[in-house]
Amino acid sequence: MVSILDGEVHRTWNVTDQNDAQHKISLYHDTVTGVRCITVDYDEVPGSMGTSSILGASMTLPFQVAGMDGVVLILRNGLFGFRYQCKVDGRFLREANDAITETRPAHEYEVDVVGHVTASSSGGEPVAWYLLSSKRLSDGATTMVHRRYREFASLGDSLAASLKGHVASRLLPALPGRHLKLLIDHSDPTFLDRRQRNLARWIKAVVAIPHVVESAPLHTFLGLADGAREISVFVKTRSVGCTLQANENMNMPAIVTTLKEEMDGSGVRVGDVLTKINGYPTVGMSFKQAIETLRQAPRPLVVHFLQLVGVKNPATGEAKTSSDGSELEEKVKEAGASNQGSSLVDADLSADGLLTEPPQEKGSPNADGFYDAAL
């Protein structure tokens with residue numbers, strides 16, 4: 001049970017369809033304002049957005065998942081509380097946190113915060129990024145990804161909201177405190193080193209909690225969400241070190257087509273999706289907007305990419321990936337906002353950062369059917 005003063009609450013249920021594919025139903029409810037909505041596989045269910053306050057009656061929110069009918073129930077619990085249930089095809093589901101047993105979790109991670117860099121914001125002010133190292137022990141997948149302090153704070157808030165009303169909420173460690181920039185210089189190396197150490201201790205304590213280590217928001221934050229890996233690159237020069245091509249898929253405006261020498265050792269691969277520019281998601285941008293944002297962004301900056309990683313087949317031991325990019329698209333949707341299409345264009349982010357005309361007649365496609373533009 002949660003009380004009317006708990007504020008933002010998250011609840012998640014998992015259901016498996018007839019093809020053994022797992023689907024995620026999530027409820028977001030603010031007990032103070034009453035605002036609520038539900039999502040199925042990260043897509044908002046039409047009509048679920050509204051209010052469910054303590055002054056109103058219990059609510060039934062219908063949805064469909066993989067051809068099955070379901071409902072999320074927001075139930076009054078006494079005078080000053082709520083409780084939540086989910087039913088699919090007439091069967092009540094166990095809430096994800098309740099389903100976790102005392103046995104060894106399915107996911108275990110080794111994590112550390114191994115460094116920090118200072119990049120420029122869109123306004124030119126210095127911004128600190130902390131380099132997070134993650135390894136998933138079940139398959140050995142690893143990544144290195146930059147995170148802002150506010151992303152650590154957002155993760156902490158999300159985990160706290162998902163555990164409200166659960167005994168495990170007492171295990172969640174407090175995030176290292178925020179400090180006003182007026183009082184402390186956030187660019188001071190001593191401050192950054194101390195915050196890096198404190199964030200490392202915090203994230204290590206978080207992944208040690210069984211109820212938390214199974215959380216989808218945590219997996220996304222670590223950069224290892226199921227079959228996808230997030231990678232980030234700290235860019236000091238005008239060149240980003242790769243050639244990008246527009247994609248027909250509206251969720252993924254820019255795809256890596258070639259890599260330059262400066263990308264050696266970065267972990268970025270051909271076929272990866274450009275997902276963030278200095279922390280701003282590219283989902284919702286057109287390809288042209290993404291390229292212009294990269295070209296105009298002050299240096300240094302941090303750029304994020306998403307890629308599929310091989311998931312070992314337990315029967316054969318071989319790695320398998322999706323051939324049509326559908327798994328990667330789902331991961332981009334999890335991290336992104338609204339969708340917007342883009343045309344087919346090639347862009348080479350070269351060192352001069354200047355827009356030049358293609359060699360052929362302006363506006364005419366090349367032999368590959370794409371339009372070329374050098375930045």
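The protein has seven helices and 24 strands. The model is predicted. Of its 375 residues, 45% are buried. Among contacts with a separation of 6 or more, 59% join residues 24 or more positions apart.

Now the pair itself. Two packed helices are described by the angle between their axes and the distance between the axes. Here the partners are α2, residues 149-163, and α3, residues 189-207. Their axes come within 12 Å and cross at roughly 25°. Angles under 35 degrees count as roughly parallel, so α2 and α3 are roughly parallel to each other. The crossing of α2 and α3 is left-handed.

Which residues make the contact? From α2 come Tyr 149, Phe 152, Leu 155, Gly 156 and Leu 159. From α3 come Arg 195, Leu 199, Trp 202, Ile 203 and Val 206. By class, eight of these contact residues are nonpolar, one is polar and one is charged.

Next, the cysteines. A disulfide is a covalent bond between the sulfur atoms of two cysteines. A search of the whole structure finds zero of them. Cys 37 has 12% relative accessibility, and Cys 242 has 0%. Buried means under 20%, so Cys 37 counts as buried and so does Cys 242.

- **Between β4 and β5.** Tyr 42 lies in the loop that links β4 (35-40) to β5 (43-44). Its phi is near 75°, a positive value in a residue other than glycine. Tyr 42 has a relative accessible area of 31%, so it is partly exposed.
- **Between β18 and β19.** Asn 278 sits in the loop from β18 (273-277) to β19 (280-281). Phi of Asn 278 is also positive, near 55°, and again the residue is not glycine. Asn 278 is buried, because its relative accessible area is 10%.
- **Between α6 and β20.** Pro 300 is in the loop between α6 (287-296) and β20 (301-308). A cis peptide bond joins Arg 299 to Pro 300, with omega about -5°.

Notes. Residues numbered from 1 in each chain as written. Predicted model: local features only at pLDDT ≥ 70, side-chain atom pairs only at ≥ 80, totals over all residues. Heavy atoms only, no water. Axes fitted to C-alpha atoms, helices over the stretch in contact; angles between N-to-C directions. Helix = DSSP H or I, 4+ residues; strand = E, 2+ residues; numbered from the N terminus. Parallel < 35°, antiparallel > 145°, perpendicular 65-115°, else oblique. Left-handed = near helix turned anticlockwise from the far one by under 90°. Contact = heavy atoms within 4.5 Å. Nonpolar A, V, L, I, M, F, W, Y, C, P; charged D, E, K, R; others polar. Disulfide = S-S within 2.5 Å. Buried < 20%, exposed > 50% of the residue type's maximum accessible area, 1.4 Å probe, protein only.
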